[in-house]
Amino acid sequence: MKKAINEKDELVSPSLPQFPIDSDVYVYSGPISYNNVDKLRDLILTKKCDKTKTCILFISTFGGDADSAFRLANCIKQNYKEFKLVIPCMCKSAGTLISMAADSLYFGPKGELGPLDVQMSKRKGGDTNETISGLDIFFALDVLTDKMLNAFYHFNSILQKGTRVAMKTSLEISAMMVTKMFSPVMEQINPLDLGEMHRAMNIAQGYAKVMASHNFKKETIGTLIGGYPCHSFVLDENQAKQFFNSVYAMENWMLSVKEQIPFLEIPDNVGQIIDLTAAPMGKEEQK
């Protein structure tokens with residue numbers, strides 16, 4: 001029988017297609033968290049693989065924890081000779097980190113990756129459920145810096161053209177006016193938050209360098225981490241070819257699996273981890 005961690009076997013059609021020989025096929029739908037990843041790792045380790053087979057992982061996730069993403073990718077690489085990642089729909093953030101460890105990527109019509117920017121809790125009124133992107137903070141700083149410089153040059157230009165004050169006095173007055181105008185905004189910036197965000201971005205970059213397979217173009221790491229304006233930026237199959245060497249459309253049997261497993265279309269809120277090759281129909285002799 002199929003092994004479904006959260007006992008939602010009724011959500012998986014019993015008429016699944018046959019799978020390629022010498023492959024283990026898994027489904028991961030939900031957050032990249034320690035508990036979810038540990039369940040899939042247990043399924044893999046129970047098989048006592050000897051690196052003679054291929055791991056084919058269907059993934060659907062909005063992202064999660066970078067440490068957990070590394071644990072999962074590392075477990076797959078240590079137990080299988082080849083790692084194929086199938087992306088029917090969303091594979092964001094920490095999911096993109098996992099994709100960097102795969103030997104090949106297979107995109108569905110709605111498949112998409114996203115930037116590797118770190119998501120962190122937004123401290124506001126004691127509510128830490130809302131998250132913000134590391135890109136948001138650094139982008140806001142860039143915008144604020146530009147506004148301050150433009151205001152400074154604007155004030156100094158007006159003083160130089162409309163008065164006879166000395167240059168030194170003009171610069172001092174301009175600086176004072178800019179400070180008074182922007183200090184209420186600058187006071188809201190917590191240096192500890194900036195340091196924490198910078199450290200988290202460095203952690204993501206460190207994992208990316210360690211996990212990256214031959215399929216990933218390592219010179220593009222900087223772009224994937226900080227080259228996009230927002231966390232939700234869509235990296236579809238064509239965009240992914242900028243970063244990966246082996247990018248393909250989903251094969252027919254993969255599309256059939258997607259059609260019969262609803263929570264591959266939208267990531268599960270809690271987490272669904274399934275070993276599809278445990279089903280009797282899960283093997284196909286390739287000719």
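**Close-up views of the predicted model**

View 1. Once its neighbours within four places in sequence are left aside, Asn 156 is in contact with Met 167, Ser 170, Leu 171 and Ser 174. Is Asn 156 buried or exposed? Asn 156 counts as buried because its relative accessibility is 13%, and the limit for that class is under 20%.

**View 2. The largest nonpolar core.** This core holds 47 residues, and those that touch the most other members are Leu 40, Leu 57, Phe 83, Leu 85, Met 100, Leu 113 and Phe 244. Helix α2, made up of residues 66-79, gives the most to this core, with five residues. Apart from this core lies another, of 16 residues, which includes Ile 56, Val 86, Met 254 and Leu 276.

**View 3. Contacts of Met 100.** Which residues does Met 100 touch, when those up to four places away in sequence are not counted? They are Leu 116, Ala 208, Met 211, Ala 212, Ser 213, Phe 216, Ile 221, Leu 224 and Phe 244. Of these, Phe 244 is also listed, together with Met 100 itself, among the residues of the largest nonpolar core that touch the most other members.

**View 4. Helix α9 and its cover.** Helix α9 runs over residues 252-260, and its buried residues are Trp 253, Met 254, Val 257, Lys 258 and Gln 260. The cover over these buried residues includes the strands β2 (23-29), β3 (54-60), β4 (82-87) and β5. Met 254, one of the buried residues of this helix, is also among the members of the core of 16 residues.

**View 5. Confidence along the chain and at its ends.** The mean pLDDT of the chain is 83, and 85% of its residues reach 70 or more. Among the elements of the chain, strand β5 (residues 104-107) has the highest mean pLDDT, at 98, whereas strand β1 (residues 3-4) has the lowest, at 47. Over residues 1-13 pLDDT stays under 50, and the model has 37 contacts beyond four places in sequence for this stretch; over residues 280-287 pLDDT likewise stays under 50, with 22 such contacts in the model.

**View 6. The chain as a whole, for orientation.** The chain contains nine helices and nine strands, and 45% of its 287 residues count as buried. Among its contacts with a separation of 6 or more, 74% are accounted for by residues 24 or more positions apart.

How values were computed:
Residues are numbered from 1 along each chain as its sequence is written. This is a predicted model: local features need pLDDT of at least 70, side-chain atom pairs count only at pLDDT 80 or more; totals for chains, interfaces and linings use all residues. Side-chain values use heavy atoms; hydrogens and water are left out. Helices (H or I, at least four residues) and strands (E, at least two) are DSSP runs, numbered from the N terminus. Buried means under 20% relative accessible area, exposed over 50%, partly exposed in between (1.4 Å probe, protein chains only). Contact means heavy atoms within 4.5 Å. pLDDT is the predictor's confidence in each residue, from 0 to 100. A nonpolar core is a set of buried Ala, Val, Leu, Ile, Met, Phe, Trp, Tyr and Cys residues joined through side-chain atoms within 4.5 Å.
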